[in-house]
Amino acid sequence: METVSTLQTLGLFVGVPAAAFVIIAVLCVAPSWGRDPRYRPGLTWTADPTWIGGPEDAERPAVAADPSRPALSGVGAEAEAEEPAASRTGGASASW
Amino acid sequence: MNGNLSRAFTDQQEYELGRLVDRAREETGLTFSVFVGTTPDDAKPREEATRLLGEFGDEAPRVVLVYVDPNARALEIVTGSVASGWLDERTCGFAAVTMTSSFALGDLPGGIQRGIEQLVGHITNFRPEH
């Protein structure tokens, strides 16, 4: 009969299950490591502020000043004449 | 896992939203802008959004600012004086509902995209030239 040392016994009955446990756990968690940053409702949002189309975007005024865009011909003139910039605003608020 | 993000969007998402606001400006003549961030403690989302609109200076009347605070779960659509002539409160309110219904499912870029498309669609549908 071959004798089995205490160390081998431990390795077989503790080490192997523990290793299997760790491998399975890693397999479960791994997919989210490479995933895109994503908002999840209820979790604290710590991302840097992002401003797309903000006032510092360099190429923006070129199109905005394009006079061939007649979209706002009717409303613009009188509205801009009586109000300074951004003094009268509209829009909507919502929460989720 | 912990919601610890350093960036709000991936490069791809940011690129697509950039394209979206460019296209919206070309189609409507209004400047569409999207801000995603946290409101300072001493301000309300609406105040902060209005302040950001003011940063556009002379262009502010023609700006449609979509302000999203994921922590406060607050969405503000702020329109300058010219833009509000094209987008009344009702229209903005509908777009806001479109956006927040996506936000509640965790889809920020998709909600922003659908909301802006809805606003642009409203303007292009009612433009006299069309």
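# Reading a two-chain model

Guide: Start at one helix end: B:Asp107 caps the N-terminal end of α5(B), with a side-chain oxygen 2.9 Å from the backbone nitrogen of B:Gly110. A polar contact is a pair of N or O atoms within 3.5 Å; within protein, one must be able to donate a hydrogen and the other to accept it, and residues adjacent in sequence count only if both atoms are side-chain atoms. Helices (H or I, at least four residues) and strands (E, at least two) are DSSP runs, numbered from the N terminus.

Visitor: What should I know about the model and its numbering?

Guide: This is a predicted model, in which local features need pLDDT of at least 70 and side-chain atom pairs count only at pLDDT 80 or more, while totals for chains, interfaces and linings use all residues. Residues are numbered from 1 along each chain as its sequence is written, chains are lettered from A and ligands numbered from 1 in the order in which they are written, and side-chain values use heavy atoms, with hydrogens and water left out.

Visitor: How many residues does α5(B) have, and how far does it reach?

Guide: The expected span of a helix is 1.5 Å times one less than its number of residues. α5(B) has 19 residues and reaches 28 Å from its first C-alpha to its last, close to the expected 27 Å.

Visitor: Which residues of α5(B) are buried?

Guide: Buried means under 20% relative accessible area, exposed over 50%, and partly exposed in between (1.4 Å probe, protein chains only). Among the buried residues of α5(B) are B:Leu108, B:Ile112, B:Ile116, B:Leu119 and B:Ile123. Their cover includes α1 (11–28), β1, β2, α3 (83–86) and α4 of chain B, where contact means heavy atoms within 4.5 Å.

Visitor: Where do the buried residues of a helix sit around its axis?

Guide: An α-helix has 3.6 residues a turn, so residues three or four places apart point the same way. Take α4(B), whose buried residues are B:Thr91, B:Cys92, B:Ala95, B:Ala96, B:Met99, B:Thr100, B:Ser102 and B:Phe103. Seen down the axis of α4(B), these buried residues fall within an arc of 160 degrees, so they line one face of the helix. The arc is that of the directions from the helix axis to the C-beta atoms. On the other side of α4(B), B:Arg90 and B:Val97 are exposed.

Visitor: What do the buried residues of α4(B) pack against?

Guide: They pack against elements of both chains: β2 (90–95) of chain A, together with β2 (63–69), β3 (74–79) and α5 (108–126) of chain B.

Visitor: Which residues of chain A does B:Ser33 touch?

Guide: B:Ser33 lies in strand β1 (residues 31–36) of chain B and is buried, with a relative accessible area of 1%. Not counting residues up to four places away in sequence, B:Ser33 touches A:Trp51, A:Ile52, A:Gly53 and A:Gly54, as well as B:Phe56, B:Val64, B:Leu65 and B:Val66. The side chain of B:Ser33 also reaches the backbone oxygen of A:Ile52 at 3.3 Å.

Visitor: Is A:Pro49 buried or exposed?

Guide: A:Pro49 is exposed, with a relative accessible area of 58%. A:Pro49 lies in the loop between α1 (6–33) and β1 (50–52) of chain A. Leaving aside neighbours within four places in sequence, A:Pro49 is in contact with B:Phe35, B:Val36 and B:Gly37.

Visitor: How many disulfides does the structure hold?

Guide: A disulfide is a covalent bond between the sulfur atoms of two cysteines. With a cut-off of 2.5 Å between the sulfur atoms, the structure holds 0 disulfides over all chains. As for individual cysteines, A:Cys28 is exposed at 60% relative accessibility, whereas B:Cys92 is buried at 0%.

Visitor: What is the phi of B:Arg73?

Guide: Most residues other than glycine have a negative phi. B:Arg73 is not a glycine, yet has a positive phi of about 50 degrees. B:Arg73 lies in the loop between β2 and β3 of chain B and is partly exposed at 29% relative accessibility.

Visitor: What pattern does each chain follow along its sequence?

Guide: Chain A follows α-β-α-α-β, and 20% of its 96 residues count as buried. Chain B follows α-β-α-β-β-α-α-α. The radius of gyration of chain B is 14 Å, close to the 14 Å that the globule rule gives for 130 residues, so chain B is as compact as a globular protein of that length. That radius is taken over C-alpha atoms, and the rule is 2.2 Å times the number of residues to the power 0.38. Of the 130 residues of chain B, 56% count as buried.
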